[in-house]
Amino acid sequence: MASFSLTNLDLATSFLGQNLSGRLNRAKGKPFCALFRSPKCVLDTPYEGNVTKFPRIRVWDPYKRLGVSTAASEEEIWSARNFLLQQYSGHERSEESIEAAFEKILMASFQHRKKTKINLKTRLKKQVEESPPWFKNLLNFVELPPTDVIFRRLFLFAFMGGWSIMNSAEGGPAFQVAVSLAACIYFLNEKTKSLARASIIGLGSLVAGWVCGSLVVPSIPSFLLQPTWSLELLTSLVVYIFLFLSCTFLK
C-alpha cells in the first residue's frame, strides 16, 4: 500500500514538473512584466460624470447657446466663447457644442459681410448705369490704380509739399513745382503712351491748380496760416494736389 502511494506521488510530481516546464517554455520571449497584471483603478479611466456639463448643449440657436444677443459685437462673442470653454473645460461634448455655435456665428457673419459687399457693388453699378450721359463720359477718363501706386505717388507729392514749406523762407517753390510737373508728365506718359497728351494733361493740371489756389487761398483766415507762408507757397500746395490727382486717376 505504501509502495502504491509513493508511485502515485512520483507520477504526480513528474506531471507537475512537465506542466510547469511547458508553461515556462511558452513564457519564453515575453517580458517579465507581461507575466503579471497590475490591478486597475477606477480613477485611471476617463470619466465625465464629475465634470460640469454645459446646460445649453442642445440649444439650436448658436446665439442663445453662447448666451449673447444677435447684435453682439465680435469681441463680446469671443469673450462668451472663451468664458464658456474655461467654465466647462474637461467635458468633451460641452466643448464641442460651444465651438460649433461659435463657428456658426462666424460663418454667418462672413456671409453677411460678403453679401453686403456684393450688394454695395451692385448698387454702385446701378447708379452709374442710371446716371446722365455726361457723367458716364466723364467716368471714361477716370481709373482706379492699385493701392501701392496711389501711396507711392502720394508720398512723392507730399514730399514736394513738405520741401516747399521747409524752403519757404529762402525762396519760392518754383523748382519743386517744376519737378512735380515733370513727374506728373512722366507718369501720364507711362499710361497713355503719348508724350503730347501727357504734356497737355500735366500743363492743364498745373494751370487749373494755380488758378484754383489763387482763388481759394485768399479766403483762408490768416490766423490759420504761418506768417512766413506766402501766397505763392500756398498756391503751389494746391498745384501739387491737382498734379497728384491727374497723374494717378486720369487715363
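This is a predicted model: local features need pLDDT of at least 70, side-chain atom pairs count only at pLDDT 80 or more; totals for chains, interfaces and linings use all residues.
Helices first. Helix α7 covers residues 174–192, and helix α9 covers residues 231–249. Their axes come within 9 Å and cross at roughly 10°. Angles under 35 degrees count as roughly parallel, so α7 and α9 are roughly parallel to each other.

Who touches whom? On the α7 side, the contact residues include Val-177, Leu-181, Cys-184, Phe-187, Leu-188 and Lys-191. On the α9 side, they include Val-239, Tyr-240, Leu-243, Cys-247 and Phe-249. By class, this contact has 10 nonpolar, five polar and one charged residues.

Now the salt bridges. How many does a search of the whole structure find? Three.

Take Glu-99 and Arg-81. Their closest N and O atoms are 2.7 Å apart. Glu-99 sits in helix α4, Arg-81 in helix α3, 18 residues apart. Buried or exposed? Arg-81 counts as buried, at 17% relative accessibility. Glu-99 is partly exposed, at 24%.

Glu-143 lies in the loop between α5 and α6, and the two residues are 48 apart in the chain. Both partners are partly exposed: Lys-191 at 27%, Glu-143 at 29%.

Last pair: Asp-148 and Arg-152, 3.5 Å from N to O. These two are four residues apart in helix α6, so about one helical turn separates them. Asp-148 is partly exposed at 42%. Arg-152 counts as exposed at 52%.

How values were computed. Residues are numbered from 1 along each chain as its sequence is written. Side-chain values use heavy atoms; hydrogens and water are left out. Axes are lines fitted to C-alpha atoms, for helices over the stretch in contact, and angles run from 0 to 180 degrees between N-to-C directions. Angles under 35 degrees count as roughly parallel, over 145 as roughly antiparallel, 65 to 115 as roughly perpendicular and the rest as oblique. Contact means heavy atoms within 4.5 Å. Ala, Val, Leu, Ile, Met, Phe, Trp, Tyr, Cys and Pro count as nonpolar, Asp, Glu, Lys and Arg as charged, and the others, Gly among them, as polar. A salt bridge is a side-chain nitrogen of Lys or Arg within 4 Å of a carboxyl oxygen of Asp or Glu. Buried means under 20% relative accessible area, exposed over 50%, partly exposed in between (1.4 Å probe, protein chains only).
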